[in-house]
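Reader: Hi! Could you walk me through this one?
Author: Happy to, here it comes.

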Amino acid sequence: RDGHTGHETGVVTGEERDRLVCTDCGHIAYVNPRLVVTTIPITDDGHVLLIRRGFEPGRGLWAQPGGFLEVDETVTEGAIRETLEETGLHVAPGEIVGLYARLEAAVIVLAYEARVVGGEARTGPEALDVRAFPPDEIPWPEIAFRTTWYALADWLARRRPDLAPPVNPWRTGGPG
């Protein structure tokens, strides 16, 4: 705490919302979302690779591989690193599928479409299972996050417009 006695949330001149402010020096601590970088790995035969999450939130459910961007890497480098760490696979990111907000977790998720270019799929603490699904067999009822659901739906609309995901459970009060 460096000798500071406290902080409080309140109105700051020139700001349109309450901010966390040091009561001694007036420093404003901005609380901004963190960036999660992910890939939707696609195999040579057009299957979508997903992981069964090993950690909460979403333990046991399916999501795309990804994680928090580090300060010393680009978003592409981070997506490649996270995919390798979680799956054992090397990917080549291509188009950005989209940016998605998980406001309740204070994160913004960047999802790349990526080609699997090497490595061997493996499980570990973060991924209880690593599996490639044909686009018409994506396990929609077992998707971990709203951001994964939207990213997969957007990818499907772009690459397989003949297929449609089921009714969005997050529009009907389903899981977070």
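Author: A word on terms before we start: buried means under 20% relative accessible area, exposed over 50%, and partly exposed in between (1.4 Å probe, protein chains only). This is a predicted model, where local features need pLDDT of at least 70, side-chain atom pairs count only at pLDDT 80 or more, and totals for chains, interfaces and linings use all residues. Residues are numbered from 1 along each chain as its sequence is written, and side-chain values use heavy atoms, with hydrogens and water left out.

Reader: Thanks! Is Tyr150 buried, exposed or partly exposed?
Author: Tyr150 counts as partly exposed, because its relative accessibility is 25%. Trp149 counts as buried, because its value is 6%.

Reader: And how many aromatic pairs are there?
Author: The count comes to 3 aromatic pairs. Trp149 and Tyr150 form an edge-to-face one, with 5.7 Å centre to centre and 85 degrees between the planes. The rule is that rings of Phe, Tyr and Trp (its six-membered ring) pair if their centres lie within 6.5 Å; planes under 30 degrees apart count as stacked, over 60 as edge-to-face and the rest as tilted.

Reader: Which residues do ring pairs link into a cluster?
Author: Trp140, Trp149 and Tyr150.

Reader: New topic: how do E8 and E9 pair?
Author: Strand E8 (residues 89–102) and strand E9 (residues 107–119) are antiparallel, with 11 bridges. Pro93 has Ala114 in E9 as its bridge partner. Strands here are DSSP runs of E, at least two residues, and helices are runs of H or I, at least four, numbered from the N terminus; two strands pair if DSSP finds at least two bridges between them.

Reader: What's in the turn of that hairpin?
Author: There are 4 residues between E8 and E9, and Ala106 in the turn has a positive phi of about 55 degrees. Ala106 is partly exposed, with a relative accessible area of 39%.

Reader: What should I compare that phi with?
Author: Most residues other than glycine have a negative phi, and most peptide bonds are trans.

Reader: Speaking of peptide bonds, which is the one from Glu56 to Pro57, cis or trans?
Author: That bond is cis, with omega near 0 degrees. Pro57 sits in the loop between strand E5 (48–53) and strand E6 (62–63).

Reader: Last one: where is Thr83, and what does Thr83 touch?
Author: Thr83 is in helix H1 (residues 75–87) and is buried, at a relative accessible area of 0%. Leaving out residues up to four places away in sequence, Thr83 touches Thr39, Pro41, Pro65, Gly88, Leu89 and Val91, where contact means heavy atoms within 4.5 Å.
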